Amino acid sequence: MKKIILTGDRPTGRLHLGHYVGSLKRRVELQNSGEFDRIFIMIADAQALTDNADNPGKIRDNIIEVALDYLSCGLDPSRSTIFIQSQIAELCELTFYYMNLVTVSRLQRNPTVKSEIQMRNFETSIPVGFFTYPISQASDITAFKATTVPVGEDQEPMIEQTREIVRKFNSVYGETLVEPEILLPDNSACLRLPGTDGKAKMSKSLGNCIYLSDTPEDVRKKVMGMFTDPGHIKVEDPGQVEGNTVFTYLDAFSRPEHFTEFLPDYAGLDELKEHYRRGGLGDVKVKKFLNAILQAELEPVRQRRKEFEKDIPGVYEMLRKGTETARTVAAQTLAEVRSAMRINYFDDEELIRSQAEKFSR
Ligand code: TRP
């Protein structure tokens with residue numbers, strides 16, 4: 001069986017370091033590994049509209065931001081098909097059929113949707129489209145027969161829902177769809193990168209993000225203002241590493257060569273942590289080290305972004321071509337789905353023949 005990746009992001013804002021360690025960086029590695037037959041990266045604007053119906057302008061403006069973030073991280077349109085969800089009507093039709101295979105109570109149990117409903121104060125007025133987006137996400141994944149979905153752990157319930165739909169579809173209508181597998185980040189600090197304020201998640205609404213397109217000075221300021229151990233007041237005080245955001249970021253970003261380059265007094269992260277725990281290591285020194293690492297990581301991303309920003313029409317053209325390619329694939333799957341459900345009346349000769357026979361008796 002072919003190995004196919006599908007993943008994507010809602011274009012509700014510029015992408016940040018949480019996206020980067022949680023999935024973007026991995027995608028680029030997977031792309032460059034050559035292990036996959038096809039890679040589809042989707043800008044999920046239709047899903048973003050499920051809780052932004054009154055603000056389509058925000059979604060529209062962020063499509064290009066997300067596309068630029070993708071390209072600047074190293075996604076390469078000659079190897080990965082980058083496309084826009086809303087331009088593929090086939091996905092809606094799949095969703096319409098899959099809806100019949102999912103119960104309301106099953107949707108209500110989805111923990112990610114539950115917490116999103118709370119976050120958005122939707123309790124009393126959940127838009128139906130938002131409530132059902134896990135089904136639409138199953139269409140996104142199955143339309144491309146994806147075997148592998150690299151996402152953050154908050155997406156686990158969506159993949160599980162997709163797998164259930166695939167099993168149900170295949171058992172009712174015959175083997176047609178492919179059951180996908182989730183691919184989580186392998187470094188636990190990357191699973192869910194906390195915000196710079198130490199809160200559980202980087203989130204635009206909390207204002208605790210470091211964006212891929214931030215200037216070096218923005219990044220430096222955000223790092224120097226990061227949450228550490230509130231009990232670590234004087235340099236000589238012993239400090240806590242667990243729950244200390246600066247160290248969580250170091251877990252996610254630091255590599256041995258960073259020590260050689262920026263902090264040669266320490267053999268590695270364990271030694272640095274040990275010193276912090278013991279006392280005598282100031283937050284500023286650790287933050288400066290983290291800043292150096294992040295600047296080194298982000299500089300090539302910024303440089304590439306600058307180049308792509310010079311040709312915005314070219315970026316839209318890339319998206320248009322990607323969408324065209326993706327649409328052909330989704331249309332093929334939809335044809336198979338209709339045929340499995342035997343609702344392809346006009347090209348089902350066997351159906352027409354047997355009906356004719358019935359009426360001639
Ligand atoms: N739900 C994903 C997010 O919020 C975006 C998304 C939509 C997606 N469809 C997808 C991710 C299909 C992976 C596969 O980031």
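## The second largest pocket

The lining of the second largest pocket holds 6 nonpolar residues, 8 polar residues and no charged ones. The model described here is predicted. In this model, the second largest pocket contains about 230 Å³ of space.

A total of 14 residues line the second largest pocket. Those nearest its centre are Ala 46, Thr 50, Cys 92, Thr 95 and Ser 136. Helix 2 (45-49), helix 4 (90-98) and helix 8 each give two or more residues to this lining. Helix 4 has the largest share, with 3 residues.

## The largest pocket

Several elements supply at least two residues each to the lining of the largest pocket: strand 1, helix 1 (17-33), helix 6 (111-119), helix 8 and helix 10 (188-191). Helix 1 gives the most, with 5 residues.

## Where the ligand sits

Which pocket does the ligand take up space in? The space taken by the ligand is the largest pocket. Around the ligand there are 13 residues, and the closest of them are Arg 10, Gln 47, Gln 137, Asp 140 and Gln 155.

The shell around the ligand divides into 6 nonpolar, 5 polar and 2 charged residues. Strand 1 (4-9) and helix 8 (133-143) each supply at least two residues of this shell. Strand 1 and helix 8 also each supply at least two residues of the lining of the largest pocket.

## Contacts with the ligand

In Arg 10, a polar side-chain atom lies 3.2 Å from an oxygen atom of the ligand. In Gln 137, an N or O atom of the side chain is 3.0 Å from a nitrogen atom of the ligand. In Asp 140, a polar side-chain atom lies 2.8 Å from a nitrogen atom of the ligand.

How much of the ligand does the protein bury? Taken alone, the ligand exposes 360 Å², and the protein buries 91% of that area.

Note on methods. Residues are numbered from 1 along each chain as its sequence is written. This is a predicted model: local features need pLDDT of at least 70, side-chain atom pairs count only at pLDDT 80 or more; totals for chains, interfaces and linings use all residues. Side-chain values use heavy atoms; hydrogens and water are left out. A residue is near a molecule or strand if one of its heavy atoms lies within 4 Å of it. A polar contact is a pair of N or O atoms within 3.5 Å; within protein, one must be able to donate a hydrogen and the other to accept it, and residues adjacent in sequence count only if both atoms are side-chain atoms. Accessible areas come from the Shrake-Rupley method with a 1.4 Å probe; for residues, only the protein chains shown count as cover. On a 1 Å grid over the protein atoms alone, a cavity is a set of points where a 1.4 Å probe fits but cannot get out, and a pocket is an open set with protein on both sides within 12 Å along at least five of seven lines; lining residues have an atom within 4 Å of a point. A molecule sits in a cavity or pocket if more than half of its atoms lie within 2 Å of its grid points. Helices (H or I, at least four residues) and strands (E, at least two) are DSSP runs, numbered from the N terminus. Ala, Val, Leu, Ile, Met, Phe, Trp, Tyr, Cys and Pro count as nonpolar, Asp, Glu, Lys and Arg as charged, and the others, Gly among them, as polar. Grid points are joined across faces, edges and corners, and a volume is the space filled by probe spheres set on the points.
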